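Q: I'm new to reading structures, and I'd like a close look at one part of this one. Could you walk me through it?

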Amino acid sequence: MALSADEVRRVAALARLALTQEQVERYRADLAAVLGYMERLRGLDLAGALPLAHVGEEVNRLDADEPGPVLPDGVLQKMAPATWAGGTGLQTGVFIKVPKVLGGGGGA
Amino acid sequence: MTASATQIAADVRARRVSAAQVCRDALARIDAANPRLNAFLQVFHDRALEQARAIDARMARGEDPGPLAGVPVALKDNICLEWGRTTAGSRMLENYESPFSATAARRLIDAGAVIVGKTNLDEFGMGSSGENSAFGPTRNPHDESRVPGGSSSGSAAAVAAGLVPVALGSDTGGSIRQPAGWCGIVGVKPTYGRVSRYGLIAYASSLDQIGVLAGMVDDAALALSVIAGPDPLDATSARRELEEFTHDPSTPPPSLVIGVPRQARAASHHAAVTAALDSAINAYKVVGARIVDVDLPHTDHALAAYYLVAAAEASSNLARYDGIRYGRRSSPAREGEAGEVPESSRAEGGLLDLYCRSRSEGLGPEVQRRIMLGTYALSAGYYDAYYLTALRARRLVKTDFDAAWAAGCHALLLPTSPGPAFRLGERADPIAMYLEDVYTVGVNLAGLPAVALPGGRAGEAGSRLPVGLQLVGPAWQESSLLRAARLLEAANPVPRTATSAPASS
């Protein structure tokens with residue numbers, strides 16, 4: 001089965017991947033081959049075969065509503081690739097730094 | 001080979017040897033062999049010795065450090081540990097330090113095991129050869145020009161080379177059993193839900209399961225007994241009673257029925273795989289087991305269904321790697337190095353742009369391929385045709401196994417792979433690589449337990465590569481499955497020393 005370069009770019013956008021032109025071509029070929037292999041599922045008689053998403057025997061497990069230990073803010077901030085310290089009043093502290101989200105956004 | 005875990009624990013508990021000495025020996029073996037094998041991504045020289053000395057101190061105080069007292073254990077590097085780094089074999093997590101330990105790791109430590117290091121793997125568990133690690137491929141200790149299998153490549157190579165008696169791995173579509181087969185060791189993939197996955201870096205959550213690689217069935221059973229059991233931190237861990245998987249070897253075998261699927265044989269197989277199967281069947285007959293023919297008609301479909309389901313779940317699970325909260329973030333200086341940011345993302349400004357560039361820089365080609373495949377299979381217009389079809393096929397795969405249990409089989413005997421390990425770089429085509437998994441993925445789709453064990457050797461003397469067999473059992477029947485495996489291990493002995501392994505001290 002054939003995929004267009006635009007289809008590959010559409011999937012890459014959904015997957016949040018930045019592909020080079022060479023990668024677009026490579027994934028176009030690879031995905032076409034793999035999806036072609038998947039076509040054999042079309043030959044199956046699937047009437048009456050209910051979708052099986054999960055084999056686990058635990059269903060809607062409920063636990064007691066008790067507070068447990070949580071990781072301190074400092075530990076989480078240490079893991080972040082970029083942080084920013086500052087602020088005013090109650091909003092003072094260490095924050096995880098991200099690019100501008102609103103208003104057109106800036107660079108990273 | 002190193003002494004068995006069972007032996008080491010007995011010796012340490014009887015104070016015939018100190019845990020510190022066992023640890024120093026293991027570290028020396030690792031230091032000698034790892035430059036060639038690349039089985040370990042990190043070795044905890046200081047921390048492991050500290051752990052070992054603490055075991056010895058407990059012995060000196062008259063305490064029992066536990067059933068794995070002083071046993072050196074390696075962890076696949078997708079299992080979180082609160083010291084060192086947990087990389088999942090990915091540039092994305094190259095410098096990631098987990099703030100917590102996986103429950104399975106914690107239970108090993110609480111049972112007296114000494115964690116000597118973290119082992120190499122295909123990135124995020126995605127691969128069947130060990131070649132997809134961002135930190136270089138692992139080599140097969142039986143022939144260093146060949147792959148060890150994957151994705152638990154480093155754990156399998158470490159055990160096969162006698163560096164450690166036991167290692168943890170994870171199995172999503174065969175990632176414990178296939179490398180165990182190619183490295184000539186034992187690999188146990190437990191029933192889905194048997195072992196807590198808290199702290200296991202997720203690949204495909206309806207399939208992933210932590211398990212054990214070991215030199216012999218008894219060691220694997222010992223380690224499984226330690227790590228199994230319900231965990232409040234993993235809602236998918238089954239609330240079943242703790243079981244003891246170790247047995248008195250003198251226990252007489254029950255009247256065992258072994259099913260041999262018609263699909264276990266194919267003309268395209270390596271002759272040694274067929275020979276291993278025949279040899280195992282004969283061995284079982286000699287000890288009084290009954291061999292019956294069974295049919296798993298959806299074996300080929302299982303492979304197609306698996307790659308769709310696993311890729312779909314991976315595309316969702318790996319969405320968390322966005323360069324914001326942890327892991328790799330693309331730096332502005334790298335802008336332009338990654339590919340073209342999709343126009344729809346660029347238009348939304350800095351944040352999406354950062355996601356795309358961080359992911360493309362941090363994730364390797366096979367991981368990106370599976371994310372693309374999974375995203376496609378879940379996308380509007382294709383969901384029913386691919387993902388839902390795969391889930392229906394998954395039902396048929398499970399029904400095949402259910403029919404075998406209903407027919408009275410206690411276990412099914414199958415190869416772990418169609419042939420022995422291939423040479424590094426020999427499988428460039430993704431489909432050819434995926435076909436190596438034809439006998440392992442069905443077990444994960446159905447959530448069943450399976451034990452891989454050495455089946456025989458392929459090739460001329462001097463370059464005799466292991467081929468593996470696996471026994472698949474009904475859900476929750478690890479105990480009888482391990483007994484059937486022990487029986488075969490004793491009745492059909494296969495030489496297991498890796499030729500290039502350094503002499504054990």
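How many residues of the lining of the largest pocket are nonpolar, how many are polar and how many are charged? Please start there, and then take me on to the other spaces and to the place where the chains meet.

A: Happy to! One thing to keep in mind as you look: this is a predicted model. In the lining of the largest pocket, 14 residues are nonpolar, three are polar and four are charged. The lining has 21 residues altogether, and B:Y96, B:F100, B:L200, B:R320 and B:Y326 are the ones nearest the centre of the pocket. If you find those five on your screen, you have found the middle of this space. Its volume is about 450 Å³.

Now let's move to the second largest pocket, with a volume of about 380 Å³. Here 24 residues form the lining, and those closest to the centre are B:S268, B:H269, B:P418, B:L435 and B:V438. Sorted by class, this lining holds 11 nonpolar, six polar and seven charged residues.

Keep B:V438 in view, as the name comes back in a cavity. Searching the whole structure turns up six cavities of 30 Å³ or more, and the largest cavity has a volume of about 120 Å³. Its lining is made of 13 residues, and B:V438 is among the closest to the centre, together with B:L296, B:T299, B:F401 and B:G442. Three helices, α9, α13 and α15 of chain B, each give two or more residues to this lining. The largest share, three residues, is supplied by α13(B). By class, the lining of the largest cavity has eight nonpolar residues, four polar ones and one charged one.

Why look for empty space with a probe at all? A probe the size of a water molecule, rolled over the atoms, shows where empty space is left.

Next, the place where the chains meet. Chain B brings 82 residues to the contact and chain A brings 64 residues. The size of an interface is often given as the accessible area lost when the parts come together. For chain B and chain A, the buried area is about 6000 Å², with 65% of it on carbon and sulfur atoms. The rule finds two salt bridges across this interface. One of them joins the side chains of B:E97 and A:K78, with a distance of 3.3 Å from N to O. Between the two chains there are also 19 residue pairs in polar contact.

Which elements of chain B take part on the side that touches chain A? Those giving two or more residues are α9 (299-317), α10 (343-346), α11 (350-362), α12 (365-378), α13 (383-406), α14 (430-434) and α15 (441-446). Here too α13(B) gives the largest share, with 12 residues. By class, this side of chain B has 44 nonpolar, 20 polar and 18 charged residues.

B:G150 and B:S151 are joined by a cis peptide bond, with omega at about 10 degrees. B:S151 belongs to the loop between β3 (114-119) and α5 (153-160) of chain B. The other detail is B:A88, a residue other than glycine with a positive phi, near 55 degrees. You will find B:A88 in the loop between β2 (72-76) and α4 (103-110) of chain B.

Methods
Residues are numbered from 1 along each chain as its sequence is written. Chains are lettered from A and ligands numbered from 1 in the order in which they are written. This is a predicted model: local features need pLDDT of at least 70, side-chain atom pairs count only at pLDDT 80 or more; totals for chains, interfaces and linings use all residues. Side-chain values use heavy atoms; hydrogens and water are left out. Contact means heavy atoms within 4.5 Å. Buried area is the accessible area (1.4 Å probe) that two parts lose on being put together, summed over both. A salt bridge is a side-chain nitrogen of Lys or Arg within 4 Å of a carboxyl oxygen of Asp or Glu. A polar contact is a pair of N or O atoms within 3.5 Å; within protein, one must be able to donate a hydrogen and the other to accept it, and residues adjacent in sequence count only if both atoms are side-chain atoms. Helices (H or I, at least four residues) and strands (E, at least two) are DSSP runs, numbered from the N terminus. Ala, Val, Leu, Ile, Met, Phe, Trp, Tyr, Cys and Pro count as nonpolar, Asp, Glu, Lys and Arg as charged, and the others, Gly among them, as polar. On a 1 Å grid over the protein atoms alone, a cavity is a set of points where a 1.4 Å probe fits but cannot get out, and a pocket is an open set with protein on both sides within 12 Å along at least five of seven lines; lining residues have an atom within 4 Å of a point. Grid points are joined across faces, edges and corners, and a volume is the space filled by probe spheres set on the points.
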